[in-house]
Amino acid sequence: MMRNVVFMGTGPFALCALEGLWQTLGSDATLTVYTKEAKKAGRGMKEKDGCVAEFAREKGLPLYQPHTLRSEEAKADFLALEAELCVVASYGLILPKYVLDAPKYGCVCVHASLLPAYRGAAPIHRVILDGKRKTGVTLMQMDEGIDTGAMLATVETEIGETECVGELFDRLAVLGRDLLLSNLEKLENGSLIPTPQDEAGASYAAKITAEDQKLTFEEPTDQVLCRIRGLSPVPCAYCITAKDGKKMKIYSAKRAEGSFEGACGEVVAVKPEVLVKTADGAVALELIQPEGKGRMAARDAVNGRRLAVGDLLS
RNA sequence: CGCGGGGUAGAGCAGUUGGUAGCUCGUCGGGCUCAUAACCCGGAGGUCGUGUGGUUCAAGUCCCACCCCCGCAA
């Protein structure tokens with residue numbers, strides 16, 4: 001059993017793996033946590049720590065939140081830990097070579113995609129945005145590139161037809177945690193065989209931009225629905241309601257059967273469902289959120305005169 | 001001290017220049033119908049975020065303080 005492990009991660013996906021690691025290693029081992037520094041965020045711009053930092057504090061784990069790993073100070077700190085293994089999951093900082101080289105078993109990363117596809121920051125969102133039906137988690141030996149290291153183990157999963165990124169995220173976090181834990185021993189005894197990634201199948205899952213969040217009803221229904229599912233509930237797809245120019249987030253919607261008359265983005269019916277015309281049909285809005293208001297069923301928005309037949313969404 | 005929107009029946013909203021509250025939906029009861037997410041009739045349901053606060057003859061409506069929710073930006 002390993003006795004000295006460093007974990008580097010930020011956010012809920014990382015937290016899931018960290019919790020598992022903490023339970024598995026037990027109190028005999030030293031588990032040191034690295035996570036991104038607290039930053040001013042949210043309404044009021046108050047300094048806010050991430051969930052990984054909170055967990056580390058709560059459990060009394062040694063915690064490091066360097067602004068960068070490239071400083072001499074960070075380097076000295078890390079080397080002094082003399083870690084046997086470094087586990088990384090959506091950390092957000094690039095690991096310098098000294099980190100990669102120092103641990104006896106190197107640095108392994110839990111990445112939420114079937115590498116070499118969807119390397120990068122937003123693999124879970126992108127895989128749904130692209131309409132894929134299968135994804136997974138990869139455990140890999142890190143190298144100096146971004147998610148380019150040799151693969152050690154993978155687990156696949158089907159993406160549900162109506163599954164949103166929030167649901168998939170939670171499932172992959174658990175799969176990732178289990179993939180890591182079930183391979184710890186093999187990492188230690190060297191029985192995992194690193195498989196280099198095939199560059200031919202590589203793709204990059206870039207961070208989600210505001211542009212990605214913008215819905216376009218000029219697209220076919222399938223694409224509109226993928227965009228909604230792939231971004232819900234965070235950061236969420238949105239459109240602009242023409243009558244007041246305000247944003248309206250759309251958390252969920254489904255395909256509407258039939259053919260409809262109207263311009264793309266026009267509300268063509270509100271009863272019994274709120275239907276919005278797309279390039280090749282219509283989508284039925286389910287859960288939405290007007291700017292400044294809370295989430296509500298599309299039907300409630302109609303009751304409050306927020307949406308009516310003829311309204312234009314763009 | 002980042003910018004901005006909002007807190008009124010179970011839900012979503014309206015409430016004009018201050019005069020004790022309305023709409024759509026839901027809910028309960030009744031009716032029509034082969035039937036219904038449709039229609040008709042009727043009922044219940046609100047100390048209008050909090051404050052033994054201020055102004056006023058009178059405040060959901062103006063002023064003050066505080067709490068909470070949300071959008072942007074990070």
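In strand β14 (residues 282-290), Leu285 is the bridge partner of Ala253. β11 and β14 pair in the antiparallel sense. Strands pair here if DSSP finds at least two bridges between them. Strands (E, at least two residues) and helices (H or I, at least four) are DSSP runs, numbered from the N terminus.

This is a predicted model; local features need pLDDT of at least 70, side-chain atom pairs count only at pLDDT 80 or more, and totals for chains, interfaces and linings use all residues. Residues are numbered from 1 along each chain as its sequence is written, chains are lettered from A and ligands numbered from 1 in the order written, and side-chain values use heavy atoms, without hydrogens and water.

**Strand pairs**

| Strands | Sense | Bridges |
|---|---|---|
| β11 and β14 (282-290) | antiparallel | eight |
| β6 (85-89) and β7 | parallel | three |
| β7 and β8 (134-141) | antiparallel | four |

β10 and β11 form a hairpin with four residues between the strands. Gly245 takes a positive phi there, near 70°. Tyr238 stands opposite Lys249 in β11.

**Strand β7**

Five of the five residues of β7 (residues 107-111) are buried, meaning under 20% relative accessible area; exposed is over 50%, partly exposed in between (1.4 Å probe, protein chains only). Cys107, Cys109 and His111 point one way, Val108 and Val110 the other. Val108 stands opposite Val87. His111 has Thr138 in β8 as its bridge partner.

**Helix α3**

Ala74, Phe78 and Leu81 are the buried residues of α3 (residues 72-81). Seen down the helix axis, they fall within an arc of 55°, so they line one face. The arc is that of the directions from the axis to the C-beta atoms. Their cover includes β1 (4-9), β2 (30-34), β5 (63-64) and α4 (97-101). The face turned away from the buried side carries exposed Glu72, Glu73 and Ala80. Glu82 follows α3, with a positive phi near 50°.

**Helices α1 and α6**

The axes of α1 (residues 12-25) and α6 (residues 165-189) come within 9 Å and cross at roughly 35°. Axes are lines fitted to C-alpha atoms over the stretch in contact, and angles run from 0 to 180 degrees between N-to-C directions. Contact means heavy atoms within 4.5 Å. Residues of α1 that meet α6 include Phe13, Cys16 and Leu21. On the α6 side, Phe169, Arg177 and Leu184 are among them.
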